[in-house]
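Me: I would like to learn how to read a protein model, one feature at a time. Could you walk me through it, giving the general idea before the particular case?

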Amino acid sequence: MRSEAEVSMAGRESIYPGAAPPITVLMSVHNGGKYLRESVDSILAQTFSGFLFLIIDDASTDGTPDILAEYAAADQRVRVITNAANIGLTASLNKGIALIESPYIARMDADDVSLPERFARQIEFMEAHPEVAACGTYSLIVDAEGVEVGDYSPPHTCQEINAYLHKFGSPIVHSSVMIRTGPLKNIGGYREAFLTAQDYDLWLRLSHSNRLANLPEPLILYREHGKSVTNMRMAQQAVSHILAAQAAEIRGMGMADPLSAPDITLDSTTMLSLQNQAGLPSLIMWIQLLLWRNIENKEKMLEQAWQFLLCGKKEFPSECYRLFENTCVFNSDCADSILKQLQTTAYDGAPVMTPAHSLLTLIVELRKAQNELSAMLSEKQSLLIEKQSLDDEHRRLSLERGLLQANIAGMLNSRSWRITAPLRWLARKAKRRALGSGK
(Lines give C-alpha, C1' and ligand atoms only; values in the text may rest on other atoms or scores of the structure.)
Protein backbone atom coordinates (compact mmCIF):
# COMPACT_ATOMS: atom_id res chain seq x y z
CA MET A 1 0.00 0.00 0.00
CA ARG A 2 1.12 3.56 -0.68
CA SER A 3 1.93 5.84 2.22
CA GLU A 4 0.90 9.46 2.80
CA ALA A 5 4.32 10.52 1.54
CA GLU A 6 3.71 8.72 -1.75
CA VAL A 7 0.32 10.37 -2.07
CA SER A 8 1.95 13.80 -1.90
CA MET A 9 3.78 12.90 -5.12
CA ALA A 10 0.47 12.56 -7.00
CA GLY A 11 1.46 15.25 -9.48
CA ARG A 12 4.63 13.35 -10.51
CA GLU A 13 3.64 9.74 -10.11
CA SER A 14 0.81 7.81 -11.74
CA ILE A 15 -1.24 5.15 -10.02
CA TYR A 16 -1.48 3.34 -13.33
CA PRO A 17 1.11 0.75 -14.39
CA GLY A 18 0.55 1.73 -18.03
CA ALA A 19 -2.14 3.59 -19.93
CA ALA A 20 -5.18 4.45 -17.83
CA PRO A 21 -8.12 2.07 -18.37
CA PRO A 22 -11.58 3.41 -19.34
CA ILE A 23 -12.83 3.36 -15.74
CA THR A 24 -11.27 4.03 -12.37
CA VAL A 25 -13.43 2.89 -9.48
CA LEU A 26 -13.16 5.22 -6.47
CA MET A 27 -13.92 4.07 -2.95
CA SER A 28 -13.15 5.67 0.40
CA VAL A 29 -13.45 3.49 3.50
CA HIS A 30 -13.05 4.07 7.22
CA ASN A 31 -13.46 1.05 9.51
CA GLY A 32 -15.66 -0.72 6.97
CA GLY A 33 -14.36 -4.23 7.49
CA LYS A 34 -17.78 -5.77 8.14
CA TYR A 35 -19.05 -5.44 4.55
CA LEU A 36 -15.81 -4.62 2.71
CA ARG A 37 -15.14 -8.05 1.19
CA GLU A 38 -18.63 -8.31 -0.28
CA SER A 39 -18.33 -4.82 -1.74
CA VAL A 40 -14.86 -5.33 -3.25
CA ASP A 41 -15.81 -8.75 -4.62
CA SER A 42 -18.79 -7.24 -6.42
CA ILE A 43 -16.47 -4.81 -8.24
CA LEU A 44 -13.92 -7.44 -9.18
CA ALA A 45 -16.75 -9.61 -10.54
CA GLN A 46 -17.95 -6.99 -13.05
CA THR A 47 -18.48 -8.29 -16.59
CA PHE A 48 -16.68 -5.16 -17.83
CA SER A 49 -13.17 -5.69 -16.53
CA GLY A 50 -11.34 -2.69 -17.98
CA PHE A 51 -10.89 -0.73 -14.78
CA LEU A 52 -8.52 0.15 -11.97
CA PHE A 53 -9.91 0.00 -8.43
CA LEU A 54 -8.57 2.88 -6.32
CA ILE A 55 -9.38 2.54 -2.61
CA ILE A 56 -8.60 5.28 -0.10
CA ASP A 57 -8.23 3.82 3.40
CA ASP A 58 -9.09 6.78 5.60
CA ALA A 59 -6.95 5.73 8.59
CA SER A 60 -9.00 2.67 9.52
CA THR A 61 -8.34 1.03 12.89
CA ASP A 62 -10.30 -2.21 12.37
CA GLY A 63 -9.47 -5.08 10.01
CA THR A 64 -9.84 -2.92 6.90
CA PRO A 65 -6.08 -2.47 6.18
CA ASP A 66 -5.43 -6.22 6.25
CA ILE A 67 -8.38 -6.94 3.98
CA LEU A 68 -7.26 -4.31 1.48
CA ALA A 69 -3.65 -5.56 1.53
CA GLU A 70 -4.93 -9.05 0.73
CA TYR A 71 -6.89 -7.83 -2.30
CA ALA A 72 -4.06 -5.60 -3.54
CA ALA A 73 -1.69 -8.59 -3.47
CA ALA A 74 -4.16 -10.86 -5.26
CA ASP A 75 -5.45 -8.56 -8.03
CA GLN A 76 -3.26 -6.06 -9.88
CA ARG A 77 -6.30 -3.88 -10.62
CA VAL A 78 -6.55 -2.93 -6.93
CA ARG A 79 -4.59 0.12 -5.70
CA VAL A 80 -4.75 1.14 -2.03
CA ILE A 81 -3.77 4.51 -0.60
CA THR A 82 -3.71 4.91 3.18
CA ASN A 83 -4.27 8.27 4.84
CA ALA A 84 -1.99 8.98 7.79
CA ALA A 85 -4.95 10.51 9.64
CA ASN A 86 -8.69 10.43 9.21
CA ILE A 87 -9.65 13.31 6.89
CA GLY A 88 -13.25 12.35 6.09
CA LEU A 89 -15.11 11.16 3.02
CA THR A 90 -15.11 14.39 1.00
CA ALA A 91 -11.38 15.09 1.28
CA SER A 92 -10.54 11.43 0.64
CA LEU A 93 -12.61 11.39 -2.55
CA ASN A 94 -10.91 14.56 -3.77
CA LYS A 95 -7.53 13.00 -3.06
CA GLY A 96 -8.49 10.08 -5.27
CA ILE A 97 -9.95 12.27 -8.03
CA ALA A 98 -6.65 14.19 -8.26
CA LEU A 99 -4.88 10.91 -9.13
CA ILE A 100 -7.37 9.62 -11.68
CA GLU A 101 -6.63 9.78 -15.42
CA SER A 102 -9.38 7.48 -16.72
CA PRO A 103 -12.16 9.13 -18.74
CA TYR A 104 -14.76 7.70 -16.31
CA ILE A 105 -14.93 7.49 -12.52
CA ALA A 106 -17.26 4.92 -10.94
CA ARG A 107 -18.12 5.60 -7.31
CA MET A 108 -18.52 2.79 -4.82
CA ASP A 109 -19.20 2.63 -1.07
CA ALA A 110 -17.68 0.01 1.20
CA ASP A 111 -21.03 -1.33 2.40
CA ASP A 112 -22.90 -1.53 -0.92
CA VAL A 113 -22.84 -4.16 -3.67
CA SER A 114 -22.62 -3.58 -7.44
CA LEU A 115 -24.45 -6.08 -9.61
CA PRO A 116 -22.27 -7.73 -12.30
CA GLU A 117 -23.61 -5.78 -15.31
CA ARG A 118 -23.39 -2.34 -13.70
CA PHE A 119 -20.24 -1.03 -15.42
CA ALA A 120 -21.09 -2.60 -18.78
CA ARG A 121 -24.54 -0.99 -18.82
CA GLN A 122 -23.29 2.40 -17.61
CA ILE A 123 -20.36 2.76 -19.99
CA GLU A 124 -22.55 1.67 -22.89
CA PHE A 125 -25.01 4.43 -22.00
CA MET A 126 -22.31 7.06 -21.45
CA GLU A 127 -20.63 6.30 -24.77
CA ALA A 128 -24.00 6.64 -26.52
CA HIS A 129 -24.85 9.90 -24.70
CA PRO A 130 -21.77 12.18 -24.65
CA GLU A 131 -23.90 15.05 -23.30
CA VAL A 132 -24.42 13.16 -20.01
CA ALA A 133 -21.77 13.91 -17.38
CA ALA A 134 -23.03 11.58 -14.64
CA CYS A 135 -25.15 8.46 -14.73
CA GLY A 136 -26.60 6.68 -11.70
CA THR A 137 -28.89 3.67 -11.51
CA TYR A 138 -31.95 2.41 -9.70
CA SER A 139 -31.13 0.40 -6.59
CA LEU A 140 -32.42 -2.43 -4.45
CA ILE A 141 -32.39 -1.68 -0.72
CA VAL A 142 -31.04 -4.40 1.57
CA ASP A 143 -30.74 -4.63 5.34
CA ALA A 144 -27.67 -5.42 7.44
CA GLU A 145 -27.97 -9.11 6.56
CA GLY A 146 -28.33 -8.48 2.84
CA VAL A 147 -32.07 -9.22 2.76
CA GLU A 148 -33.97 -7.12 0.23
CA VAL A 149 -36.36 -4.74 2.00
CA GLY A 150 -37.32 -2.35 -0.79
CA ASP A 151 -36.18 -0.50 -3.88
CA TYR A 152 -35.44 3.04 -5.02
CA SER A 153 -36.50 4.18 -8.46
CA PRO A 154 -35.66 7.90 -8.75
CA PRO A 155 -36.32 10.09 -11.82
CA HIS A 156 -34.18 8.98 -14.75
CA THR A 157 -34.47 11.60 -17.52
CA CYS A 158 -32.47 14.81 -17.45
CA GLN A 159 -35.56 17.00 -17.19
CA GLU A 160 -37.03 14.97 -14.33
CA ILE A 161 -33.71 14.91 -12.49
CA ASN A 162 -33.26 18.69 -12.75
CA ALA A 163 -36.77 19.29 -11.43
CA TYR A 164 -36.22 16.88 -8.55
CA LEU A 165 -32.82 18.40 -7.70
CA HIS A 166 -34.25 21.86 -7.14
CA LYS A 167 -37.45 20.78 -5.42
CA PHE A 168 -36.57 17.84 -3.20
CA GLY A 169 -32.92 16.74 -3.09
CA SER A 170 -30.54 14.23 -4.59
CA PRO A 171 -32.06 11.91 -7.21
CA ILE A 172 -28.83 9.94 -7.72
CA VAL A 173 -27.57 7.21 -5.39
CA HIS A 174 -23.99 8.28 -4.72
CA SER A 175 -22.49 4.79 -4.81
CA SER A 176 -24.24 3.98 -8.10
CA VAL A 177 -22.88 6.85 -10.16
CA MET A 178 -20.43 6.88 -13.06
CA ILE A 179 -19.01 10.35 -13.80
CA ARG A 180 -16.97 11.77 -16.65
CA THR A 181 -13.62 12.77 -15.17
CA GLY A 182 -13.25 15.94 -17.25
CA PRO A 183 -16.45 17.73 -16.16
CA LEU A 184 -15.88 16.60 -12.58
CA LYS A 185 -12.39 18.10 -12.45
CA ASN A 186 -13.59 21.22 -14.28
CA ILE A 187 -15.86 22.12 -11.35
CA GLY A 188 -13.18 21.28 -8.78
CA GLY A 189 -14.53 17.95 -7.56
CA TYR A 190 -16.35 17.85 -4.24
CA ARG A 191 -16.42 20.92 -2.00
CA GLU A 192 -14.61 19.94 1.18
CA ALA A 193 -16.64 22.34 3.30
CA PHE A 194 -19.49 19.83 2.83
CA LEU A 195 -18.89 17.11 5.37
CA THR A 196 -22.39 15.83 4.54
CA ALA A 197 -24.63 16.27 1.47
CA GLN A 198 -21.46 16.59 -0.62
CA ASP A 199 -23.04 14.53 -3.40
CA TYR A 200 -26.15 16.74 -3.57
CA ASP A 201 -23.98 19.86 -3.88
CA LEU A 202 -21.95 18.11 -6.59
CA TRP A 203 -25.02 17.19 -8.67
CA LEU A 204 -26.32 20.76 -8.45
CA ARG A 205 -23.01 22.24 -9.64
CA LEU A 206 -22.49 19.56 -12.28
CA SER A 207 -26.00 19.97 -13.68
CA HIS A 208 -25.46 23.70 -14.28
CA SER A 209 -23.61 22.98 -17.55
CA ASN A 210 -24.11 19.24 -17.98
CA ARG A 211 -26.84 16.62 -18.15
CA LEU A 212 -27.44 13.98 -15.51
CA ALA A 213 -29.23 10.65 -15.93
CA ASN A 214 -30.21 7.44 -14.18
CA LEU A 215 -30.44 4.03 -15.79
CA PRO A 216 -33.98 2.79 -15.04
CA GLU A 217 -32.83 -0.59 -13.78
CA PRO A 218 -31.45 -1.67 -10.38
CA LEU A 219 -27.71 -2.24 -10.70
CA ILE A 220 -26.66 -1.79 -7.08
CA LEU A 221 -27.64 -3.12 -3.68
CA TYR A 222 -27.85 -0.13 -1.33
CA ARG A 223 -27.42 -1.20 2.28
CA GLU A 224 -29.36 0.33 5.15
CA HIS A 225 -27.98 -0.90 8.45
CA GLY A 226 -28.34 -0.14 12.12
CA LYS A 227 -25.78 2.65 12.53
CA SER A 228 -27.96 5.37 14.00
CA VAL A 229 -27.63 8.99 12.96
CA THR A 230 -27.52 11.38 15.90
CA ASN A 231 -29.78 14.41 16.05
CA MET A 232 -26.75 16.66 15.67
CA ARG A 233 -25.65 14.94 12.47
CA MET A 234 -29.21 14.93 11.15
CA ALA A 235 -29.35 18.70 11.66
CA GLN A 236 -25.96 19.10 9.97
CA GLN A 237 -27.17 17.10 6.97
CA ALA A 238 -30.29 19.23 6.70
CA VAL A 239 -28.37 22.52 6.91
CA SER A 240 -25.79 21.37 4.31
CA HIS A 241 -28.63 20.22 2.07
CA ILE A 242 -30.34 23.61 2.18
CA LEU A 243 -27.07 25.53 1.75
CA ALA A 244 -26.36 23.55 -1.43
CA ALA A 245 -29.86 24.39 -2.74
CA GLN A 246 -29.50 28.07 -1.79
CA ALA A 247 -26.14 28.34 -3.53
CA ALA A 248 -27.61 26.78 -6.69
CA GLU A 249 -30.51 29.27 -6.69
CA ILE A 250 -28.16 32.22 -6.20
CA ARG A 251 -25.89 30.99 -9.02
CA GLY A 252 -28.97 30.60 -11.19
CA MET A 253 -29.71 34.32 -10.69
CA GLY A 254 -26.31 35.16 -12.19
CA MET A 255 -24.69 36.04 -8.85
CA ALA A 256 -21.44 34.68 -7.44
CA ASP A 257 -21.53 31.41 -5.56
CA PRO A 258 -21.81 32.40 -1.88
CA LEU A 259 -20.11 29.20 -0.74
CA SER A 260 -16.97 29.59 -2.86
CA ALA A 261 -15.01 31.39 -0.14
CA PRO A 262 -12.29 29.11 1.27
CA ASP A 263 -13.14 29.95 4.89
CA ILE A 264 -16.92 29.48 4.58
CA THR A 265 -18.65 27.80 7.51
CA LEU A 266 -21.65 25.65 6.66
CA ASP A 267 -24.00 26.22 9.58
CA SER A 268 -27.48 27.54 10.29
CA THR A 269 -26.16 31.10 10.66
CA THR A 270 -24.81 31.03 7.11
CA MET A 271 -28.02 29.43 5.88
CA LEU A 272 -30.21 32.14 7.42
CA SER A 273 -27.92 34.89 6.11
CA LEU A 274 -28.29 33.57 2.55
CA GLN A 275 -32.06 33.23 2.61
CA ASN A 276 -32.72 36.82 1.55
CA GLN A 277 -30.73 36.15 -1.63
CA ALA A 278 -32.04 32.66 -2.30
CA GLY A 279 -35.38 31.79 -3.83
CA LEU A 280 -38.58 30.16 -2.68
CA PRO A 281 -37.77 26.48 -3.53
CA SER A 282 -34.89 26.18 -1.05
CA LEU A 283 -37.01 27.72 1.70
CA ILE A 284 -39.89 25.32 1.04
CA MET A 285 -37.36 22.49 1.00
CA TRP A 286 -36.04 23.67 4.38
CA ILE A 287 -39.50 23.60 5.92
CA GLN A 288 -40.14 20.13 4.50
CA LEU A 289 -36.89 18.83 5.97
CA LEU A 290 -37.77 20.30 9.35
CA LEU A 291 -41.19 18.67 9.28
CA TRP A 292 -40.06 15.18 8.36
CA ARG A 293 -36.64 14.83 9.97
CA ASN A 294 -35.75 14.37 13.63
CA ILE A 295 -33.86 17.61 14.19
CA GLU A 296 -33.16 19.34 17.48
CA ASN A 297 -34.91 22.68 18.09
CA LYS A 298 -37.08 22.13 15.03
CA GLU A 299 -39.96 24.24 16.43
CA LYS A 300 -37.74 27.31 16.67
CA MET A 301 -36.26 26.64 13.23
CA LEU A 302 -39.74 26.22 11.75
CA GLU A 303 -40.79 29.60 13.12
CA GLN A 304 -37.66 31.19 11.60
CA ALA A 305 -38.28 29.53 8.24
CA TRP A 306 -41.92 30.65 8.11
CA GLN A 307 -40.92 34.19 9.02
CA PHE A 308 -38.56 34.23 6.04
CA LEU A 309 -41.24 32.73 3.82
CA LEU A 310 -44.05 35.10 4.80
CA CYS A 311 -42.59 38.33 6.12
CA GLY A 312 -41.77 40.98 3.58
CA LYS A 313 -44.05 39.46 0.93
CA LYS A 314 -47.31 41.05 -0.12
CA GLU A 315 -48.61 37.78 -1.55
CA PHE A 316 -48.66 34.36 -0.01
CA PRO A 317 -47.28 31.60 -2.30
CA SER A 318 -50.25 29.36 -3.12
CA GLU A 319 -48.19 26.15 -2.93
CA CYS A 320 -47.44 26.89 0.72
CA TYR A 321 -50.95 26.46 2.08
CA ARG A 322 -50.57 22.68 2.17
CA LEU A 323 -47.13 23.10 3.71
CA PHE A 324 -48.60 25.29 6.44
CA GLU A 325 -51.29 22.69 7.06
CA ASN A 326 -48.55 20.08 7.47
CA THR A 327 -46.89 22.42 9.97
CA CYS A 328 -50.17 22.46 11.90
CA VAL A 329 -50.24 18.67 11.82
CA PHE A 330 -46.74 18.63 13.26
CA ASN A 331 -47.51 21.17 15.97
CA SER A 332 -50.56 23.45 15.97
CA ASP A 333 -49.07 25.53 18.80
CA CYS A 334 -46.03 26.19 16.63
CA ALA A 335 -48.33 27.33 13.79
CA ASP A 336 -50.18 29.56 16.26
CA SER A 337 -46.89 31.15 17.28
CA ILE A 338 -46.02 31.77 13.63
CA LEU A 339 -49.31 33.58 13.09
CA LYS A 340 -48.87 35.73 16.19
CA GLN A 341 -45.43 36.81 15.00
CA LEU A 342 -46.85 37.68 11.60
CA GLN A 343 -49.43 39.91 13.25
CA THR A 344 -46.69 41.98 14.87
CA THR A 345 -44.58 42.32 11.71
CA ALA A 346 -45.12 45.23 9.36
CA TYR A 347 -44.33 45.76 5.68
CA ASP A 348 -44.41 49.33 4.41
CA GLY A 349 -46.22 50.32 7.59
CA ALA A 350 -48.99 47.73 7.19
CA PRO A 351 -49.39 44.24 8.67
CA VAL A 352 -47.93 41.59 6.39
CA MET A 353 -49.92 38.89 4.68
CA THR A 354 -53.28 40.46 5.55
CA PRO A 355 -55.17 38.76 2.67
CA ALA A 356 -53.82 35.34 3.60
CA HIS A 357 -53.83 35.78 7.35
CA SER A 358 -57.49 34.87 7.79
CA LEU A 359 -57.05 31.72 5.74
CA LEU A 360 -53.95 30.72 7.68
CA THR A 361 -55.83 31.37 10.91
CA LEU A 362 -58.67 29.21 9.61
CA ILE A 363 -56.17 26.43 8.82
CA VAL A 364 -54.86 26.56 12.39
CA GLU A 365 -58.34 26.63 13.91
CA LEU A 366 -59.47 23.80 11.65
CA ARG A 367 -56.47 21.74 12.67
CA LYS A 368 -57.19 22.46 16.34
CA ALA A 369 -60.82 21.45 15.83
CA GLN A 370 -59.64 18.29 14.10
CA ASN A 371 -57.30 17.58 17.01
CA GLU A 372 -60.16 18.13 19.49
CA LEU A 373 -62.44 15.89 17.45
CA SER A 374 -59.72 13.25 17.29
CA ALA A 375 -59.32 13.48 21.05
CA MET A 376 -63.09 13.12 21.54
CA LEU A 377 -63.22 10.16 19.17
CA SER A 378 -60.27 8.63 20.95
CA GLU A 379 -62.00 9.12 24.30
CA LYS A 380 -65.21 7.62 22.90
CA GLN A 381 -63.26 4.65 21.60
CA SER A 382 -61.68 4.21 25.02
CA LEU A 383 -65.14 4.28 26.65
CA LEU A 384 -66.44 1.74 24.16
CA ILE A 385 -63.48 -0.51 24.88
CA GLU A 386 -64.07 -0.08 28.61
CA LYS A 387 -67.81 -0.88 28.16
CA GLN A 388 -66.94 -3.96 26.13
CA SER A 389 -64.60 -5.03 28.89
CA LEU A 390 -67.36 -4.57 31.49
CA ASP A 391 -69.81 -6.50 29.32
CA ASP A 392 -67.31 -9.33 28.98
CA GLU A 393 -66.81 -9.33 32.75
CA HIS A 394 -70.58 -9.39 33.31
CA ARG A 395 -70.96 -12.38 30.99
CA ARG A 396 -68.11 -14.15 32.73
CA LEU A 397 -69.66 -13.59 36.16
CA SER A 398 -73.07 -14.75 34.90
CA LEU A 399 -71.53 -17.92 33.57
CA GLU A 400 -69.70 -18.54 36.81
CA ARG A 401 -72.95 -17.95 38.76
CA GLY A 402 -74.77 -20.50 36.62
CA LEU A 403 -72.06 -23.06 37.12
CA LEU A 404 -72.08 -22.40 40.86
CA GLN A 405 -75.85 -22.83 41.04
CA ALA A 406 -75.61 -26.11 39.13
CA ASN A 407 -72.92 -27.35 41.51
CA ILE A 408 -74.99 -26.43 44.54
CA ALA A 409 -78.05 -28.22 43.13
CA GLY A 410 -75.98 -31.30 42.48
CA MET A 411 -74.56 -31.23 45.94
CA LEU A 412 -78.06 -30.94 47.46
CA ASN A 413 -79.39 -33.83 45.40
CA SER A 414 -76.47 -35.98 46.44
CA ARG A 415 -77.01 -35.15 50.15
CA SER A 416 -80.76 -35.89 49.90
CA TRP A 417 -80.01 -39.29 48.44
CA ARG A 418 -77.69 -40.16 51.29
CA ILE A 419 -80.29 -39.14 53.93
CA THR A 420 -83.30 -40.96 52.40
CA ALA A 421 -81.51 -44.11 51.23
CA PRO A 422 -81.79 -45.98 54.63
CA LEU A 423 -85.46 -45.15 54.89
CA ARG A 424 -86.11 -46.49 51.42
CA TRP A 425 -84.20 -49.66 52.34
CA LEU A 426 -86.30 -50.17 55.47
CA ALA A 427 -89.46 -49.60 53.46
CA ARG A 428 -88.47 -52.23 50.92
CA LYS A 429 -87.57 -54.68 53.71
CA ALA A 430 -90.93 -54.13 55.45
CA LYS A 431 -92.69 -54.68 52.19
CA ARG A 432 -90.92 -58.01 51.62
CA ARG A 433 -91.83 -59.15 55.11
CA ALA A 434 -95.47 -58.26 54.54
CA LEU A 435 -95.49 -60.20 51.35
CA GLY A 436 -93.83 -63.16 53.09
CA SER A 437 -96.38 -63.30 55.86
CA GLY A 438 -99.20 -63.34 53.38
CA LYS A 439 -97.99 -66.62 51.78
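Reply: Let us begin with a pair of helices, α2 and α3, whose crossing is right-handed. Please keep in mind throughout that this is a predicted model.

Me: How many helices and strands are there in the protein, and what share of its residues is buried?

Reply: The protein has 15 helices and 11 strands, and buried residues make up 44% of its 439 residues. Among contacts with a separation of 6 or more, 77% are accounted for by residues 24 or more positions apart.

Me: Back to the helices, then: at what angle do α2 and α3 pack?

Reply: The general idea is that two packed helices are described by the angle between their axes and the distance between the axes. In this case helix α2 (residues 33–44) and helix α3 (residues 64–74) pack at an angle of about 20°, with 9 Å between their axes. Angles under 35 degrees count as roughly parallel, and α2 and α3 are therefore roughly parallel to each other. Where they touch, Gly33, Leu36, Arg37, Val40, Asp41 and Leu44 in α2 meet Thr64, Ile67, Leu68, Glu70 and Tyr71 in α3. Sorted by class, that contact has six nonpolar, two polar and three charged residues.

Me: Which residues meet in the contact between α6 and α8, and how do their axes cross?

Reply: The axes of helix α6 (residues 158–167) and helix α8 (residues 198–207) come within 11 Å and cross at roughly 130°, which makes α6 oblique to α8. The crossing of α6 and α8 is left-handed. On the α6 side, Asn162, Leu165 and His166 take part, and they meet Tyr200, Trp203, Leu204 and Ser207 in α8. By class, the contact of α6 with α8 has four nonpolar, three polar and no charged residues.

Me: Which residues of the largest nonpolar core touch the most other members?

Reply: As a general idea, in soluble globular proteins nonpolar side chains tend to be buried together. Here the largest nonpolar core has 54 residues, and Leu26, Leu54, Ile179, Trp203, Leu212 and Trp286 touch the most other members. Helix α9 (residues 231–252) gives the largest share of this core, nine residues. Apart from this core lies another, of 31 residues, among them Ala110, Cys135, Ala213 and Ile220.

Me: With what is Ile179 in contact, if its neighbours within four places in sequence are left aside?

Reply: With those neighbours left aside, the contacts of Ile179 include Pro103, Tyr104, Ile105, Met126, Ala133, Ala134, Leu184, Leu202, Trp203 and Leu206.

Me: Is Ile97 buried or exposed, and how far apart are Ile97 and Lys185?

Reply: Ile97, which is found in helix α4 (residues 89–99), counts as buried at 6% relative accessibility. Ile97 and Lys185 are 88 residues apart in sequence, yet their C-alpha atoms are 7.7 Å apart in space. Leaving aside neighbours within four places in sequence, Ile97 is in contact with Leu26, Ile105, Leu184, Lys185 and Tyr190.

Me: Finally, where do Asn31 and Ala197 lie, and what are their phi values?

Reply: Asn31, in the loop between β1 (23–29) and α2, has a phi near 50°, a positive value in a residue other than glycine, and it is partly exposed, with a relative accessible area of 26%. Ala197, in the loop between α7 (181–186) and α8, has a phi near 60°, which is likewise positive in a residue other than glycine. At 16% relative accessibility, Ala197 counts as buried.

Key: Residues are numbered from 1 along each chain as its sequence is written. This is a predicted model: local features need pLDDT of at least 70, side-chain atom pairs count only at pLDDT 80 or more; totals for chains, interfaces and linings use all residues. Side-chain values use heavy atoms; hydrogens and water are left out. Axes are lines fitted to C-alpha atoms, for helices over the stretch in contact, and angles run from 0 to 180 degrees between N-to-C directions. Helices (H or I, at least four residues) and strands (E, at least two) are DSSP runs, numbered from the N terminus. Angles under 35 degrees count as roughly parallel, over 145 as roughly antiparallel, 65 to 115 as roughly perpendicular and the rest as oblique. A crossing is left-handed if the near helix is turned anticlockwise from the far one by less than a right angle, and right-handed if clockwise. Contact means heavy atoms within 4.5 Å. Ala, Val, Leu, Ile, Met, Phe, Trp, Tyr, Cys and Pro count as nonpolar, Asp, Glu, Lys and Arg as charged, and the others, Gly among them, as polar. A nonpolar core is a set of buried Ala, Val, Leu, Ile, Met, Phe, Trp, Tyr and Cys residues joined through side-chain atoms within 4.5 Å. Buried means under 20% relative accessible area, exposed over 50%, partly exposed in between (1.4 Å probe, protein chains only).
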